[in-house]
Structures are given as C-alpha cells and as structure tokens.
Amino acid sequence: MADERSVEVSGLEHDPKGWRLDELALALEATILRGDGDLEILDFATLESAGSSDISFVTDRKALAQAAESRAAAFVVPEPLDVPDRPVLRVGEIWEAVCRLIEMFRPAPTMPARVDPSAQVGHSCDLGPETGLGPNAVLGANVSVGRGTRIGAASTVGDGVRIGEDCAIHAGVHILHNVTIGDRVVIHSGAVIGADGFKFERVEGRWKKIPQVGTVVIEDDVEIGANTTVDRAFLDVTRIGAGTKIDNLVQVAHNVEIGRGALLCAQVGISGSSILGDGCVLAGQAGVRDNARIGAGAQIAAQAGVKDDVPDGAQMVGTPAWPISEWSRVLVAHRKGPELTKRVRKLEKRLEKLEEGRDD
Amino acid sequence: MADERSVEVSGLEHDPKGWRLDELALALEATILRGDGDLEILDFATLESAGSSDISFVTDRKALAQAAESRAAAFVVPEPLDVPDRPVLRVGEIWEAVCRLIEMFRPAPTMPARVDPSAQVGHSCDLGPETGLGPNAVLGANVSVGRGTRIGAASTVGDGVRIGEDCAIHAGVHILHNVTIGDRVVIHSGAVIGADGFKFERVEGRWKKIPQVGTVVIEDDVEIGANTTVDRAFLDVTRIGAGTKIDNLVQVAHNVEIGRGALLCAQVGISGSSILGDGCVLAGQAGVRDNARIGAGAQIAAQAGVKDDVPDGAQMVGTPAWPISEWSRVLVAHRKGPELTKRVRKLEKRLEKLEEGRDD
Amino acid sequence: MADERSVEVSGLEHDPKGWRLDELALALEATILRGDGDLEILDFATLESAGSSDISFVTDRKALAQAAESRAAAFVVPEPLDVPDRPVLRVGEIWEAVCRLIEMFRPAPTMPARVDPSAQVGHSCDLGPETGLGPNAVLGANVSVGRGTRIGAASTVGDGVRIGEDCAIHAGVHILHNVTIGDRVVIHSGAVIGADGFKFERVEGRWKKIPQVGTVVIEDDVEIGANTTVDRAFLDVTRIGAGTKIDNLVQVAHNVEIGRGALLCAQVGISGSSILGDGCVLAGQAGVRDNARIGAGAQIAAQAGVKDDVPDGAQMVGTPAWPISEWSRVLVAHRKGPELTKRVRKLEKRLEKLEEGRDD
C-alpha cells in the first residue's frame with residue numbers, strides 16, 4: 001500500500017519510523033488488550049487504507065465491523081470497545097491518542113521560526129522570540145507578533161495589528177490595520193480579517209459609504225478557514241470568542257459577536273451585528289440575518305436561514321428556520337401535498353353527491 | 001471606557017482630539033437644540049458604548065429609548081427627533097453628520113501616496129500623481145493608474161488594466177489583464193476581478209474549455225467586497241454599474257450586467273449573462289440563474305433562488321423565488337400542513353359515517 | 001462598433017488581423033454554404049455585438065432568429081443549421097470552430113515562459129523547460145514543476161508540491177505542502193489548495209484540532225475557479241478526478257473524492273468524505289452533506305441540499321434534495337396550500353350542515 005501511494009501521491013510519501021506496540025502503549029498511556037509488545041508498527045492509517053504493518057483506530061461502536069475487515073496490524077480503541085482476536089490498545093480518550101499517533105508517524109510540517117530575508121517589517125514592530133515570517137510577508141508599522149507565531153509567505157499585516165503567541169497565519173492571509181489576535185490562533189490561506197463592513201446609507205438617491213473605523217478581535221484558540229472573511233466593526237468590535245472554529249469561505253459581517261467554542265461550517269454567512277452564543281453549531285451554507293441572536297448551544301442545520309432569534313439549545317432547520325421537531329412533520333406533509341389535494345378533491349365529490357341525495 | 005478598551009483592543013486606541021459642542025455644531029451645520037457650547041467632547045461612539053465624554057447619534061425614532069439610557073454626553077439627531085433633557089445637535093442629514101464626526105474623531109487610515117521600493121511596475125505604465133503602490137504590489141505592462149489611486153500590498157494588476165482616479169485597491173487584490181476600473185472604486189482584499197468565466201461545452205464526451213476573451217468593466221463609485229469574484233466575459237463585457245455596492249464572497253459570473261446603485265449582500269451568486277436593473281437589492285446568499293433579468297428596484301430576499309425574470313420593484317422570496325405577498329400566506333399554510341392533513345382525515349371519517357348512514 | 005468599444009473598454013481593444021472567408025473555411029475545415037470567399041472578416045463577435053465586418057456563430061436552432069437580426073457579415077453554424085440569405089460557414093463541431101476563431105481573432109494572453117527575477121525557488125526544486133514564474137511567486141523546497149507550466153505573480157507553492165505539464169496557475173493562488181497536480185490543470189486566482197480540513201473533536205469540553213496530514217490530488221485537465229478552496233485530507237487523499245471543472249468560491253472539504261468530468265458551479269459546497277460520481281453536475285450554491293454519495297451523471301439543482309445518497313443519473317432539487325419528478329408536483333401543491341386550506345374549511349362547514357340535517 002505504501003508503495004502504491006508513493007508512486008502516485010507525493011503527499012503520502014514519508015519515511016515512517018517504526019514503533020513497537022509496547023512503545024506505542026507507553027506513549028499513548030494505553031493498555032495492551034491483546035497483541036505482542038514487540039509487534040513492529042510502521043505507519044498510522046484509517047481503517048480503509050491501513051496496510052498490514054499499520055496501526056489504525058476506532059472511534060465508536062459503528063466502526064467495529066469495518067475494523068474487523070481492515071488489514072491493519074493493530075488498533076487503538078476507546079473504553080469499552082474491542083476488536084476481537086486482533087492486537088488492540090485501549091485508551092481513555094481516543095482523539096488524544098489519534099493526535100499522538102499522528103505526531104509519532106506523520107508529523108505535520110510547521111512553518112520555520114525564521115524571518116525570511118524577503119519579508120518586510122515596518123517601523124516600531126515588536127517581534128517575539130521564535131517568530132517566523134515567510135517569503136514576501138509584509139508587516140506594517142507598530143505590529144506586535146508574539147513568541148512562536150509564524151506568518152506565511154505573501155501574507156500582509158496592517159499597521160497596529162497585535163498577534164499573540166504560537167499562532168499559525170498561513171500563506172496569503174490579509175489582516176488589516178489595528179486588528180487584535182490572541183494566542184494559538186490558526187488562520188488559513190486567503191482569509192481576510194478586518195476589511196470594511198458593508199454599510200451604505202441612502203443619501204440623496206445614492207449609497208453613501210459609512211466609514212468602518214471599528215476593529216476585529218480574534219480571541220485565543222480560534223481557527224479561521226481558507227478564504228473566510230471577518231469584517232471590521234463600524235465603530236466598535238467584531239469579536240470571535242475563544243476556542244471558536246470557523247471553516248472556509250465563511251462570512252462574518254461587521255459588529256458580529258460570536259461566543260466561545262462555536263463551530264461555523266463552510267460557507268456560513270452571519271449578517272451584521274448578530275450575536276451567536278457559546279457552543280452554537282452552524283452547519284454548511286447556513287445564514288443568519290442581521291441583528292439576530294442565536295442562543296448558546298443552538299444548532300442550525302445546513303442551508304437554514306435564521307430570521308428570528310433562536311433560543312439556547314434549539315435545533316433549527318429550513319428557511320426561514322424553525323424548530324426541527326415541527327419541521328420533520330411539516331416536511332412529511334409537504335411531500336404529501338399532491339396526495340392531500342387529491343383526497344380533498346375526492347371529498348368534495350363525495351360530499352356533493354351526499355348533498356344532492358339530501359336535496360332529493 | 002477608553003481605558004478599558006485600550007487594554008483589550010488595539011483597534012480602538014486612538015488619541016481623540018477634543019472638540020467643543022459649538023465647534024461640532026459648526027462643523028456639522030447643526031442647530032444646538034440643548035447643551036452648553038463649551039461642553040468638551042472627546043470621542044464619537046455608538047449609543048451602547050459611548051462614555052460620559054463622548055457624542056453619539058440617533059438615526060431614527062426607534063433608537064430614542066436607547067438614547068435615553070446612553071451615557072453619552074451629547075447626541076446628534078436628524079429632524080425632527082430629540083433626546084429630551086440632554087445636549088442635542090440637530091442636523092438635516094444624519095449620515096452626513098456621522099461621516100463628518102468619524103472624520104473628526106476617528107479618521108480611517110488611508111494607504112500612503114507613494115510607490116513602495118518593492119513594488120514592481122511593468123513597461124509603458126502610466127501612473128498619475130499621488131498614486132500609491134504598497135509593498136510587493138505588481139503592475140503588468142501598459143497599466144494606467146489615475147491620480148490619487150492607491151493599490152495595496154501584494155496586489156497584482158495584469159497587463160493593459162486601466163484604473164481611474166481616487167480608487168482604493170486594498171492588499172491582496174488580483175485584477176487580471178485588460179480590465180477597466182472607473183473612478184473612486186473601492187476593492188477589498190482577496191477580490192479577483194477578471195478571472196475566466198466558467199464556460200465548458202461537451203465535445204466528444206469531454207468538457208472543452210471555451211476561452212474567455214472578453215473583459216470586465218467596473219464603473220465609478222463601485223465597492224467590491226473581500227474575496228468576491230467578478231469573471232471576465234466570454235467575448236463581450238461583464239459590467240458593474242456606477243454606484244453599485246457588492247459585499248464579500250459574492251460571485252458575479254461572465255457577461256453579467258449589473259445596473260447602477262444596486263446592492264449585493266454577502267455570498268450572493270449571479271450566474272452567467274444575467275442582467276440586474278438599477279437599484280435592485282439582493283440579500284445575503286441569494287442566487288440568480290443564468291440569463292435571468294432582475295428588474296430595477298427589485299428586492300430579492302436572503303437565500304432566495306431566482307429562476308425566472310423578476311419585474312421592476314418586485315419583492316421576491318424563496319427557492320424558486322416568488323412574490324413575497326403570495327409567499328407569506330403559503331408559508332402559513334405550509335407550516336399548518338400536518339394539521340390540515342389531520343383535518344382531512346377527520347373529514348374522511350365523518351363523511352364515511354354519513355355515507356354509511358345514507359346506505360342504511 | 002470596434003471604435004465605440006475602444007473608447008470605452010480597454011479589454012476589447014485589439015488589432016484584429018483580417019481573414020478572408022475562404023481562409024476561415026480552410027482553418028475551420030468548414031463548408032462555405034453561401035458567401036464570397038474573398039469577403040474580408042475583421043473580427044469575431046457574438047450575434048448581439050457583431051458589427052458588419054465581423055463573423056459570428058450560431059450554436060443551436062433557438063439562436064437562428066437572433067442570427068437573422070444580427071449585423072454580422074457571416075456566420076459559422078453546425079450541421080444542419082443555416083442562416084438564410086447570409087454568408088455561412090458550416091462545420092461539424094461548432095465549439096471547436098468557436099475556439100479556433102478565438103485563436104485567430106482574439107488570442108487570450110498567456111503567462112510568459114520565464115522565471116521573473118523576483119520569483120523565489122526553494123532548494124531541490126525541479127523546474128521543467130518552458131516553465132514560467134511570475135513576479136514574487138514563491139516555491140518552497142522539493143517542488144517539481146512540469147514542462148510548460150506557468151505560475152502567476154504572488155502565488156505560493158509549499159514544500160514537496162508536484163505540478164505537471166502545461167498548467168496555468170494564475171496570480172495569487174496558494175498551494176500548500178505536498179499537494180499533487182496533474183497536467184493541463186488551470187487554477188484561478190485566489191484558490192487555496194491543501195489547507196487543513198475542518199476536523200475538531202470534543203475533548204474535555206473543548207474543540208480539539210485533529211491534525212490534517214493527508215493531501216490533495218488534482219488530476220489532469222481539471223480547472224479550479226477563483227477563490228475556491230480544496231482542503232487536504234485527514235490521513236488520506238482529497239481527490240479531484242480528471243477533466244472535472246470547478247467554478248469560483250466552491251468549497252471541497254477534506255477526503256472528498258470527485259470523479260471524472262464532473263461540473264461544480266459557483267459557491268457549491270461539498271462536505272467531508274463525500275464521493276461524487278463521474279460526470280455529475282452541481283448547479284450554483286448546491287450543498288452536499290458529509291459522507292454522501294452522488295451517483296455518476298447525477299444532476300443537482302441550484303441551491304439544492306443533498307442529505308441522502310443520490311443514485312446514478314438522478315435529477316435532484318430542493319432542501320433536502322429529492323427527485324425533480326416528484327418535486328414539481330409538490331411545488332404546485334405547496335403554492336396552492338392557502339387555497340387547499342380554504343377548500344377544507346368549506347368542506348368542514350358543508351359536512352357540519354349535513355351532519356346537523358341528519359341529526360334532525
């Protein structure tokens with residue numbers, strides 16, 4: 001399998017250092033449920049693509065059947081699962097184990113901690129230790145970049161921007177003036193942070209631009225996807241709360257406030273001044289009106305269009321969005337609309353007959 | 001308030017020069033309805049965030065209750081509003097006044113009028129006076145850039161592009177060959193103007209690319225949002241009419257013609273060869289089919305999908321889009337679908353009984 | 001016409017070399033149905049914009065009426081069409097002819113086959129002959145670029161990327177580490193290939209990032225639109241099959257597999273691990289759930305939301321998407337919902353009367 005892949009796909013070529021099963025158990029703080037501690041493991045792979053010298057993983061009961069069919073040499077499973085008759089390491093938290101295995105077998109490359117000679121740094125900038133700036137990266141004036149933060153090739157950072165520690169700002173990101181970014185923030189290529197909000201007012205028959213002189217604050221541990229846009233506020237702050245994760249091609253308009261630990265999937269759009277509660281989840285292509293309020297823990301279905309405020313924990317679907325509990329019954333009725341129309345037509349005829357009979 | 005902000009948010013740090021209320025009245029051509037002309041105002045802020053030495057503003061009657069609660073030292077209001085018992089400046093046009101106050105207290109930074117040494121300019125380019133090119137900006141050959149236009153860092157401009165006067169092309173914009181851009185146009189980071197239209201024809205079982213050799217014309221006073229894409233025409237012109245404003249992540253396909261003063265909100269998509277009338281408004285995530293015609297002043301709701309031509313001034317909603325007047329009644333019926341189904345079932349039973357009775 | 005255009009639109013200025021009708025017939029392998037072989041043709045244009053010395057084209061019967069009205073000097077038509085009483089060239093394959101005419105009259109500019117002095121090339125890169133790198137283009141280490149491939153200004157290519165022959169990677173594209181790209185691939189400005197997939201798991205009350213260490217493979221003859229994003233896989237491969245064409249602002253999530261010859265229109269979103277069959281067509285703003293399977297040749301309507309697997313050749317519409325055959329009847333019933341409600345109310349009243357009568 002590894003050979004096949006190396007022919008075709010450069011991205012999967014790597015030189016996996018082997019680990020023994022007991023070494024893995026130690027690294028993962030795992031129990032060896034079954035299997036020889038000396039078993040040599042050469043790579044980490046999904047159930048589907050694992051070869052006979054790879055270790056794979058199972059996250060839940062549903063995947064056990066697929067595990068039984070997998071060619072993998074061994075499996076990592078969470079309590080209380082097992083893959084019968086196969087070498088198995090059992091761990092407390094499966095995703096911690098998966099991340100550790102990726103580190104051991106397939107470490108993701110990181111941007112180097114050096115300032116490329118072609119990078120440009122404006123006056124009065126403050127770059128912390130172990131900072132990295134890629135080729136042609138451009139920092140304006142008065143920018144501060146925290147320890148360990150890396151900024152990729154061809155990215156631009158405007159005057160007065162503050163970026164915290166251990167951030168990864170990938171290639172081709174544009175961060176405009178005075179934006180504030182916390183620690184451990186990841187921003188993917190093509191994202192634009194701090195462009196003007198979309199505010200035009202009708203004055204004398206034309207759209208007058210209202211200058212956007214607020215800013216954007218991205219709190220700690222936020223991730224922002226490729227080509228996503230987060231606009232600066234009119235006068236105040238557009239804020240992305242700590243630990244919130246945003247996918248690609250998402251629009252966050254001016255003055256939006258997103259709480260902590262929210263999840264916004266690809267192509268979601270949040271209109272101006274809306275407030276999203278902690279831990280809410282918006283599935284792909286969902287949209288939220290301006291000045292709406294989404295409760296904490298609310299879940300908005302893919303392509304839903306939120307028009308009114310959404311209570312905490314509510315599950316909403318459709319355009320305009322309403323509770324999923326009502327929606328599923330309505331959907332059934334909707335699809336039976338032609339049938340219902342026929343039934344009503346029949347009723348009308350039968351009733352007509354009865355009425356005629358009565359008139360007799 | 002200012003202190004709190006400066007700790008947390010770099011973007012809101014500024015050193016506001018104070019103005020007396022009578023100086024502001026003069027600058028805004030306002031009447032002092034109430035308040036001491038000597039009152040010192042230190043900043044301009046929204047009703048919500050204004051501190052006790054700030055001036056704030058009211059745009060309509062609905063905001064008056066909030067104004068009464070605001071800590072602001074003074075208010076600007078349009079005719080005929082008032083904020084009782086508080087210092088008030090009254091003006092003719094509130095948004096003109098707001099823009100003036102932003103200029104006075106919080107001027108937005110502008111790109112400098114200088115050509116950065118790292119900018120590259122191709123042969124036979126014509127740069128007007130007071131032109132600015134940011135770090136690593138790249139102009140191809142035969143590009144003309146009008147007086148006062150600024151092009152941001154890392155932007156690229158293809159051969160033969162013409163850009164008018166006083167434009168702001170922000171960092172990371174890509175304008176491809178031969179595109180024409182008018183005066184006072186604003187283009188935000190990541191926008192791509194003049195990429196190939198999406199035209200493939202089925203030839204011998206494969207998609208054959210049909211070269212896109214038309215162009216794009218962006219007329220005066222247009223604004224184009226971050227990461228928005230405007231494709232070049234097949235043979236003719238994709239045109240954005242004067243004064244039209246386009247938000248982030250919008251798709252304008254090849255050969256589209258948008259009239260004057262239209263408003264396209266975020267994530268709107270306009271398919272090939274469609275024609276949008278003057279002053280139409282498309283809310284977020286709305287889509288328009290290819291070869292459709294949207295009338296002047298039409299309003300398309302968020303997430304609506306326009307399939308057929310839309311008359312002037314129509315208000316459309318839903319997918320496929322239809323008039324809002326019909327839609328709201330249909331939505332009510334839609335949501336009562338399960339109830340209606342029950343009512344029909346009851347009718348069927350009652351009718352059955354009656355029919356049985358008659359047979360007796 | 002040409003003069004009018006040259007005043008207004010730089011993009012349509014060109015110096016068309018004239019061709020005689022018989023020269024064109026030879027170049028297109030066309031039959032002269034009618035017209036003088038000596039007729040001088042100065043340009044190629046659409047029916048609508050053609051002037052009296054231009055040749056235009058007709059692709060199907062529906063366009064014949066417009067052709068009759070066109071000012072064009074001559075027409076190219078496919079078998080068995082004709083434009084009566086006008087000079088006509090008839091060809092076997094109209095789109096081949098159109099492409100040939102564009103080459104002859106309006107050749108699209110290509111990026112030059114030279115490495116700009118400002119381009120940066122990392123160590124151990126392998127650039128084929130006739131390779132072009134635009135100003136400020138950045139290649140990482142161990143990148144291979146095939147013969148004839150051109151990479152535009154300000155694009156960045158990560159370590160270990162392999163790009164085939166005769167590709168056009170336009171300005172401002174970002175290709176991340178280890179991605180593999182085939183031959184004759186076109187990627188438009190602002191596209192991001194190989195950013196991290198969106199995978200976060202809930203661990204101890206927080207979203208834990210699961211590193212994305214797979215890759216992306218773009219096969220031969222693929223085209224990818226401006227500002228489109230294709231994420232790298234978690235452990236395996238995100239794959240775009242040969243000959244597939246993707247429009248602007250499309251999201252392709254991690255581990256997605258798209259077959260050959262598919263067509264994804266603008267703003268489409270494909271969620272993680274979904275599989276799209278050969279030749280399927282997704283219209284604008286359509287969305288596909290994660291882990292879904294779209295059959296070969298399936299057609300998904302604009303704004304449709306695919307929730308379940310779609311069989312080969314199926315035509316789907318709506319959210320959640322279902323077959324167009326059922327959908328159109330349901331839509332009719334849907335829009336008559338208010339009327340049906342009235343009819344049921346009437347039935348209830350009439351039945352009540354009857355029941356009362358019976359009780360008498």
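**Entry 1. Superposition of the copies**

Copies are superposed by least squares on the C-alpha atoms of residues with pLDDT of at least 70 in both. I noted that this is a predicted model, in which local features need pLDDT of at least 70, side-chain atom pairs count only at pLDDT 80 or more, and totals for chains, interfaces and linings use all residues. Residues are numbered from 1 along each chain as its sequence is written, chains are lettered from A and ligands numbered from 1 in the order in which they are written, and side-chain values use heavy atoms, with hydrogens and water left out.

I looked up how chain A relates to chain C: a rotation of 120° with 0.0 Å of shift along its axis superposes chain A on chain C, with an RMSD of 0.1 Å. That is the relation of a three-fold axis.

**Entry 2. Chain A against chain C**

I took contact to mean heavy atoms within 4.5 Å. On that basis 71 residues of chain A are in contact with 71 residues of chain C. Only 20% of the interface residues of chain A are also interface residues in chain C, so the copies meet through different surfaces.

Buried area is the accessible area (1.4 Å probe) that two parts lose on being put together, summed over both. Between chain A and chain C this area is about 5500 Å², and carbon and sulfur atoms give 62% of it.

I then looked up the salt bridges (a side-chain nitrogen of Lys or Arg within 4 Å of a carboxyl oxygen of Asp or Glu). The rule finds four across the interface of chain A and chain C. A:Glu355 forms a salt bridge with C:Arg350, and their closest N and O atoms are 2.9 Å apart.

For the elements, I used DSSP runs numbered from the N terminus: helices (H or I) of at least four residues and strands (E) of at least two. Those that give two or more residues to the side of chain A that touches chain C include helix H1 (2-8), helix H4 (94-105), helix H5 (324-335) and helix H6 (337-359) of chain A. H6(A) gives the most to that side, with 13 residues.

**Entry 3. Chain B against chain A**

I found 71 residues of chain B in contact with 71 residues of chain A. The area buried between chain B and chain A is about 5500 Å². In chain B, the residues that lose the most area to chain A are B:Trp95, B:Gln303 and B:Arg335, together 10% of what that side buries.

Here too I recorded the salt bridges, of which the rule finds four across the interface of chain B and chain A. A:Lys209 forms a salt bridge with B:Glu223, with the closest N and O atoms 2.8 Å apart.

**Entry 4. Strand pairing**

Two strands pair if DSSP finds at least two bridges between them. In chain A I traced an open sheet of five strands in the order S2-S7-S6-S5-S4, with mixed pairing. Its edge strands are S2 (31-34) and S4 (43-44) of chain A, each pairing on one side only. Strand S6 (residues 74-78) of chain A runs parallel to strand S7 (residues 88-91) of chain A, and four bridges join them. A:Phe75 has A:Val88 in S7(A) as its bridge partner.

In chain C I examined strands S21 (residues 200-203) and S22 (residues 206-209), which pair in the antiparallel sense over four bridges. C:Lys208 in S22(C) is the bridge partner of C:Glu201. S21(C) and S22(C) form a hairpin with two residues between them, and C:Glu204 in the turn has a positive phi of about 50°.
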